Amino acid sequence: MDNKVYDCVIIGGGAAGLYCAARLGRTFFSNKRFLLLEAGPRAGRKLALTGSGRCNLTNTNIDTSRYNTDDPEKLASCLNRYGCTEASDFYENVLGVVLEKKGDLVYPSTFKSSTVVDALRFYISDHAIHTEFKERVVSITEEKNIFEIKTESGRKFMSRNVVIATGGITYPSTGSTGDVNNILDKLTDESCFIPFRPALTSLSSDIAGIKGLAGIRCRGDVKIIDGNGTVRDKSEGEILFTKEGGISGICVMDVSDTAVGLLEDGDDKVRAVLNLTGKSAGEICQMIYIRRQMYANRTCADALSGMLLRNITEFVMKQMNLKSDKMTLRDLNDKQVAELANLLCAFPVPVTGYGGTDKAQVSSGGFKLSKLDDNMQTNDIPGLYVIGEAVNCNGICGGYNLQWAWTSAALAAEGISGNV
Ligand SMILES: Cc1cc2nc3c(=O)[nH]c(=O)nc-3n(C[C@H](O)[C@H](O)[C@H](O)COP(=O)(O)OP(=O)(O)OC[C@H]3O[C@@H](n4cnc5c(N)ncnc54)[C@H](O)[C@@H]3O)c2cc1C
């Protein structure tokens, strides 16, 4: 047993845990006892992978409606109190990271996530916040306002405040294995949790021929339609066909949480309806008519190759039982042109599954935001905080999820500063 009583122990050295430690370090310098416990051999392993190694750390235009949480009002108030401006200010003026914008997306100007991980690590070390690696916390108990934290290696730590920053369930190789509810099972009950499941992931389909499109990217939009025919979510951007036989890309990932939720609720008629052209069916019809006059004797695949990828033409015409490499455009009658245009702009892909925890970028589920106060302290247990992806709050791609890590971490640090 470590006989010290810490002022705060942070569990998890990912984006949220590191940021919380840095905010505490800024407030108190080294006159308090803080400890960070990390299960893995080093901190920020998932943070290092973000933004394809470039780390899209926030977004100047955060739309709170693009988050999924059980308490949207609290989320909006949290992001109002500590949002992109505050996080960018801390990065630039305290952690010394020069930022650069690409549209609404904010990156370190080095476009290297290691810049962000290092800035947090160095700042924490400068402020004498001790980190213990390879210490996976397995349980927490509380007596007389002191928490006892046990790790897998058998060590015990005592603290007046505890911050759970153990992340969700995705990319478990980075250490995030959904530990929050196990760690807290002696202090809270199941009503505090929504089960974790993958979000921001690919969708799979068993539709014939889809594997042949592997690697193809096109600009368009996607709608998620439930078994009753209601549009439940939509997004636009780049669609990527995967080698496993499915669809991905940012706009698909952004609506995947809705599709996964429907599948998990037992809806076996979920469809992703794809516009593979970025245009309306009327516009596509007109474009095909013009080409039919200009290139009447070419095969459909050749005649349309200036406006559509050949594999897309072939795939869509196959669904109409037509062969794009055999039929000339002249052979396509007006009804078939209209059908082709409609299919290109609203291609139904039955969704039969989704990418698991090793493919998804974030998790939905976790500790309910409604069970936390405005500073991420649990409503029932003073001194116990939950932040980052361990909280039931996940957003779309584009810096939304890291912004939530910074926001929740900063608010928890602010709360703790009033407690120690
Ligand atoms: C490939 C990829 C790309 C992404 N790109 C972006 C992006 O560009 N922009 C964006 O906004 N978001 C992005 N995200 C999402 C973002 O990385 C997460 O939302 C964010 O890392 C969550 O931070 P966190 O600290 O809550 O959890 P994590 O980063 O998962 O950290 C949790 C930490 O807790 C530790 N831990 C877990 N259990 C225990 C335990 N029992 N005891 C001690 N330690 C424990 C883990 O080892 C880990 O270090 C991406 C995610 C992935 C996978």
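M376 counts as buried in this predicted model, because 32 C-beta neighbours lie inside 10 Å of it and the cut-off for a buried residue is 20 or more. M376 sits in the loop that runs between β21 (362-367) and β22 (384-386). Its backbone has a positive phi of about 70°, although M376 is not a glycine. That deserves a remark, because most residues other than glycine have a negative phi.

A second residue with this feature is S52, which is not a glycine and has a positive phi of about 55°. Is S52 buried or exposed? S52 is exposed, because 9 other C-beta atoms lie within 10 Å and a residue with 12 or fewer counts as exposed. S52 belongs to helix α2, whereas M376 belongs to a loop.

Now take the chain as a whole. Of its 420 residues, 49% count as buried. The chain has twelve helices and 23 strands. Along its principal axes, the C-alpha trace spans about 85 × 45 × 35 Å.

The domain assignment divides the chain into three parts. Domain 1 is made of two stretches, 5-199 and 363-417. Domain 2 covers 205-274, and domain 3 covers 281-347. The C-alpha centres of domain 1 and domain 3 are 51 Å apart.

The pairing of β9 with β10 (residues 146-151) is antiparallel and runs over six bridges. Within that pairing, V137 has T151 in β10 as its bridge partner.

The last stop is the ligand. How many residues surround the ligand? There are 41, and the closest are G12, G14, G167, G175 and G388. The elements that give two or more residues to this shell are α1 (15-28), α2 (50-53) and α12 (400-417). The most come from α12, which gives four residues. Sorted by class, the shell holds 17 nonpolar, 18 polar and six charged residues. Helix α2, one of these contributors, is also the helix in which S52 lies.

Methods: Residues numbered from 1 in each chain as written. Predicted model: local features only at pLDDT ≥ 70, side-chain atom pairs only at ≥ 80, totals over all residues. Near = placed C-beta within 6 Å. Nonpolar A, V, L, I, M, F, W, Y, C, P; charged D, E, K, R; others polar. Domains from an automatic or database assignment. Pairing = 2+ DSSP bridges.
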